[in-house]
Amino acid sequence: MPPLSLSLTNLFRYKNKDSLQRLATLCSALHTDTGTRSLIGHRSLNKAQFLEATFDPLSLARTAGQVWGRRSTPNMCYSSTSSEDRTNWLWSMYNETKTQSEALVPVILKNSVNPDTIFANNEMSLQDTEIYGFDYDYTLAFYSSHLHTLIFNIARDILIEQHRYPEGLREYEYIPNFAVRGLHYDVQKALLMKIDAFHYIQLGTVYRGLNPVPDKEVIAMYEGCHVPLEIMSDFYGKSSHGQTMKQYMDIFSLPEMNLLCCVNDYFMKHNIDYEPVHLYKDVKEAIGDVHVKGIMYRAVEADIEKYICYGEQTHAVLRKLYETGKKMFLITNSPFDFVDRGMNYIVGKDWRDLFEVVIVQADKPGFFNDRRKPFRRVTDKGVLLWDRIHRLEKGQIYKQGNLYEFLRLTGWRGSKVLYFGDHIYSDLADLTLKHGWRTGAIIPELRKEIKIMNTEEYVHTMTWFQCLTGLVERMQVCRDPASQAVVEQWIKEREDIKSRTKDIFNGQFGSLFRTYHNPTYFSRRLSRFADIYMASISCLLEYDLQHTFFPRRTPLQHESPLWPEQGSSGVGSTFPPS
């Protein structure tokens, strides 16, 4: 697997050596007041120590932007030179920065991120993991796009036939690339939007129906862009106890967001007055009926090849864990018949032999908190038995129950347990906060986003964006009108780049993980509740079971962006030409 970090020894093998050497030298001046001094000469690092320092290649652009934007105070801004000279000087700095940023693009492209990588938020060793737990939907079983269309169509028809919504809604079809996971929905205002980790709305991503809401209107409605804590969704992303926001964290929620926006769109187009709260509850109930009443389950079982992506790699992961003596269990909210049919297709009829414990219809997240529900055994034909459960036996199927009873009966506690799921709240939050299990988030969207980030278009755009940001940050001190006019042009260019970058991922809402430069609210929760995350459990095939995952040491805002692996000992010297 290609490494996610790159030695400077390798960096200097590529073209544009002079540019990269300049970058290394300039980095030493990042937090000094004396300009560009030699990194080695003033930090007492010898050549070997400097060359063996390891850096994240994708952060080079960020570093470049900071370095070229934060050199010694631009004295030209305060000199008595003419406005024309200052303007020419600013544009020369702009052109130099652009040239330097373009030199970094080939280096970053040569060190693209492997989509099969497992990423760590917290240091974790598989050597310490003895028991592996799994959710079923979107963890062991992955579904085709046909499933979202099915859920949308059934729920739309339920609205029309059972809730007396207009027949004209049948004209609407599911829009596959409209929404992304992690969005918030304002129940009172009927607005779908993306919010960042600091509770700020990302302007340009607020939709009423299928149309964006102008930024000025959004700012007027919310008296700014900040969403107060008291109206945000509750701990599990739900709209309850007075909160007006609902966060959609589940992959299954994509059809629900689509349907809400389509109905809103129909009502607005036909000037129909409606109560947004009623609409939200009706759509929620219709989507729930698709699951609870078994409509979706029966449809998938009837045409399993259409809806389930064959999980050859899922089978390989389970077999690998089983053959190395690891214990495995399954806890899912889905019913047994549905899980059995899917696992027969993915793994084979002997799939239950791989698991020590199988629990269906667990009612997560309540399973992790409600001590009152006992386990109940289920026969292969779905008959519920009434006997008290004194132990959880291999080969048996159990329904409901609770985690506290599970821990008592199995003794599987603490960091020796690693549980995988796709829902950050329902699957992972309580396990990591209350019970000390290790957690792994399955984020299928990750593979697509990494492939986009590896493209030349994205790398080129983001490299220049970071460098331009650094330039604006430094040159904003030039306060004369001519200089300010130049800086304003740069700021406008930066805003245009931000919009283009969003559209690369999704034209309406952008990346699942970022709101321009800030992490999304989704990313914040992911980093808190998941020790590791990956596109699918098949990523485990890339690692041996002794592997330790280390999170990247991302510099804090007050720290230097370059982190040598070795200490600052040795004889100081200037960096020699190569």
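Is D427 buried or exposed? D427 is buried, because its relative accessible area is 3%, which lies under the 20% limit for a buried residue. The structure discussed here is a predicted model, and its protein chain has an average pLDDT of 85, with 81% of the residues scoring at least 70. The points below take up confidence, the open sheet, the nonpolar cores and a few single residues.

**Confidence along the chain**

- Over residues 1-17 the pLDDT stays under 50, and for this stretch the model has 46 contacts beyond four places in sequence.
- Over residues 564-578 the pLDDT likewise stays under 50, and here the model has 38 contacts beyond four places in sequence.

**The open sheet**

- An open sheet with mixed pairing is built from nine strands, whose order is β3-β21-β18-β17-β5-β13-β14-β16-β15.
- The edges of this sheet are held by β3 (119-120) and β15 (375-378), and because each has a single partner strand, one side of each is left without a neighbour in the sheet.
- Strands of a sheet pair through backbone hydrogen bonds, and the pairing may be parallel or antiparallel.
- Strand β5 (residues 131-134) and strand β17 (residues 417-421) run parallel and are joined by four bridges, and within this pairing F134 has F420 of β17 as its bridge partner.
- Strand β13 (residues 327-331) pairs with β14 in the parallel sense over three bridges, where F329 stands opposite V357 of β14.

**Nonpolar cores**

- The largest nonpolar core has 89 residues, and those that touch the most other members are F134, Y136, L147, M296, F355 and F420.
- Apart from this core lies another one, of 52 residues, with V113, L392, Y425 and Y533 among them.
- F134 and F420, which are bridge partners in the sheet, are both included among the residues that touch the most other members of the largest core.
- Leaving aside residues up to four places away in sequence, Y136 touches A141, Y143, I308, L330, T332, S334, F338, V339, G342, M343 and I346.

**Single residues of note**

- D427 is found in helix α16 (residues 424-434), and, not counting residues up to four places away in sequence, D427 touches D135, K364, F368, Y419, G421 and D422.
- E488 has its place in helix α19 (residues 481-505), and with a relative accessibility of 44% it counts as partly exposed, because this value lies between the limits of 20% and 50%.
- E488 and V472 are 16 residues apart in sequence, while their C-alpha atoms are 8.8 Å apart in space.

**Cysteines**

- A search of the whole structure for disulfides finds zero.
- C225 counts as buried because its relative accessibility is 19%, which is under the limit of 20%.
- C309 counts as partly exposed because its relative accessibility is 36%, which falls between 20% and 50%.

Methods: Residues are numbered from 1 along each chain as its sequence is written. This is a predicted model: local features need pLDDT of at least 70, side-chain atom pairs count only at pLDDT 80 or more; totals for chains, interfaces and linings use all residues. Side-chain values use heavy atoms; hydrogens and water are left out. A nonpolar core is a set of buried Ala, Val, Leu, Ile, Met, Phe, Trp, Tyr and Cys residues joined through side-chain atoms within 4.5 Å. Buried means under 20% relative accessible area, exposed over 50%, partly exposed in between (1.4 Å probe, protein chains only). Contact means heavy atoms within 4.5 Å. A disulfide is a pair of cysteine sulfur atoms within 2.5 Å. pLDDT is the predictor's confidence in each residue, from 0 to 100. Two strands pair if DSSP finds at least two bridges between them. Helices (H or I, at least four residues) and strands (E, at least two) are DSSP runs, numbered from the N terminus.
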